[in-house]
Each structure stands twice: as structure tokens, then as C-alpha cells.
Amino acid sequence: VNGETVNLPVSLESGNIRLFQSGSAAVLETVFGLRVSYDWSHYAVVMVPSLYSGSLCGLCGNFNGDAADDFVSPNGTALPTAAAFGNSWKISDPEAVCTDDPDSQGPLCSDSFRRLFSSESYCGILSNASGPFRRCHSVLNPSTSWENCIFDLCAMGASSDLLCQAIGTYAAECQRLGVTTRDW
């Protein structure tokens, strides 16, 4: 915080911002209801009160309940792809190390690897109608998590750690939504 290493919990701005650990996650909460949870690795959840519905913009979308219109640049232009959207929100900073993401459909992955990663031994476990996440399917459609899982494995290789992160992210969202999943 402000260049100093601190231990959680921390209270800032006269208690208007709190940082603490909850389970295995770090959590930031504000008095106006913003809550950000981060698992110290790859998974973040941002929640705001419904009072802000339709009043937001940025990388988390506009919070109007319609995901189809979330890819909007800072100047209000609707963008066709996730890459163009992400690139539009980058800041101009000479010290930044981020490069533009090309407008591609994602990493090249052979048909045989896509089939393998789609199987129930890999990402297919997420969408298996009789699998450990079946109770969650009616609450949280697994298709985006399944697609992201395949994308990540194609881009980074078939590491068990990456696969567990992808499946664990869907499992955590199911649990956050009150759905109990079976062992996976």
C-alpha cells in the first residue's frame, strides 16, 4: 500500500476501504459496495451493488444485464471482438509492457488437439450433462468456460495446473451462485 508491504487485514481512507483475507482469497471492500475478490493466482470476481446498473463502463462491461453490448471503447464505439475491446482500454504509458493483442480467433490449435481438449478428460468435464457440474448448468451456462478452457490449453499447452485452474474457476463460480458440485 503506497509503496509499503503490509499484512492483511488493512483499513484505508478512515475505514472506507478494507482489505482482508477470506478463505484463500484477498478481498477489497468499499463503503459504497464495491467488492473485489482475488485468489492470488488468476481468478478475480468484481461485484457492485445493483444501484450502479447501467452506470458503469470499462473492461467489466456496462452492467446493464446485456452482455451483447459490453464491448464498447472509452469513446463509446461498439467493437466487434474481445481483442479490439481490450486493446481500446489500454493506457498510454511508456513503462507499460503490454502489446496489442491481434484480432485473431485465438491460438492455432490442430483439430486433433481441439478434440482432445474438448474431451471429458479435459475441458469437456465442464459441459458433460451427467458430469460433476450438471447441477450448475441451469444456473451458469458452461459454454464460455469450456471455450476459455480450450483456448487456454491451446495457447499454453496441456498442463494439468492450467486445466485445474480453468475447471476450478467454473467450480468457484457455481459455488458462489449457491450450487454444490460433485468431486471432479
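Start with Tyr122. In this predicted model, Tyr122 has a relative accessible area of 22%, so the residue counts as partly exposed. The cut-off for buried is under 20%.

Tyr122 belongs to a group. Together with Phe113 and Phe117, Tyr122 forms one aromatic cluster. Two of these residues, Phe113 and Phe117, sit in helix α2, which spans residues 111-118. They are 4 residues apart there, which puts about one helical turn between them. An α-helix has 3.6 residues a turn, so residues three or four places apart point the same way.

How exposed are the two phenylalanines? Phe113 has 44% relative accessibility and counts as partly exposed. Phe117 is buried, at a relative accessible area of 3%. The rings of Phe117 and Tyr122 have their centres 5.5 Å apart. Their planes stand at 65 degrees, so this pair is edge-to-face. An angle over 60 degrees is what that label requires.

Now count the pairs. The structure holds 6 aromatic pairs. One of them joins Phe113 and Phe117, whose ring centres lie 5.6 Å apart. Their planes meet at 25 degrees, so the pair is stacked. Here the angle falls under the 30 degrees set for stacking. Phe117 thus takes part in a stacked pair with Phe113 and in an edge-to-face pair with Tyr122.

Step back to the whole chain. Its secondary structure comes to 4 helices and 5 strands. The order along the sequence is β-β-β-β-β-α-α-α-α. The C-alpha atoms fill a box of roughly 55 × 40 × 35 Å along the principal axes. The chain has 184 residues, and 25% of them count as buried. Take the contacts with a separation of 6 or more: residues 24 or more positions apart account for 33% of them.

Next, the surface. The accessible surface of the chain comes to about 12200 Å². Carbon and sulfur atoms hold 53% of that area. The chain carries 9 positive and 19 negative charges.

Move on to helix α4, residues 160-176. α4 has 17 residues and reaches 24 Å from its first C-alpha to its last. That is close to the 24 Å expected at 1.5 Å a residue. Which residues of α4 are buried? They are Leu162, Leu163, Ala166, Ile167, Tyr170, Ala171, Glu173 and Cys174. Their cover includes strand β5 (44-47) and helix α3 (143-156). Just after α4, Gly178 takes a positive phi of about 90 degrees.

Strand β5 also leads to the next stop. Asn62 lies in the loop between β5 and α1 (82-88). Is Asn62 buried or exposed? Asn62 has a relative accessible area of 16%, so the residue is buried. Leaving aside residues up to four places away in sequence, Asn62 touches Gly54, Ser55, Leu56, Cys57, Asp69 and Asp70.

Finish towards the start of the chain. Val6 is found in the segment before β1 (10-12). With 39% relative accessibility, Val6 counts as partly exposed. Val6 and Ala82 are 76 residues apart in sequence. In space, their C-alpha atoms are 35 Å apart.

Technical notes:
Residues numbered from 1 in each chain as written. Predicted model: local features only at pLDDT ≥ 70, side-chain atom pairs only at ≥ 80, totals over all residues. Heavy atoms only, no water. Helix = DSSP H or I, 4+ residues; strand = E, 2+ residues; numbered from the N terminus. Buried < 20%, exposed > 50% of the residue type's maximum accessible area, 1.4 Å probe, protein only. Contact = heavy atoms within 4.5 Å. Areas by Shrake-Rupley, 256 points an atom, 1.4 Å probe, with all protein chains shown as cover. Lys, Arg positive; Asp, Glu negative; His and termini not counted. Charge placed at Lys NZ, Arg CZ, Asp CG, Glu CD. Phe/Tyr/Trp six-rings, centres within 6.5 Å; stacked < 30°, edge-to-face > 60°. Expected span 1.5 Å × (residues − 1).
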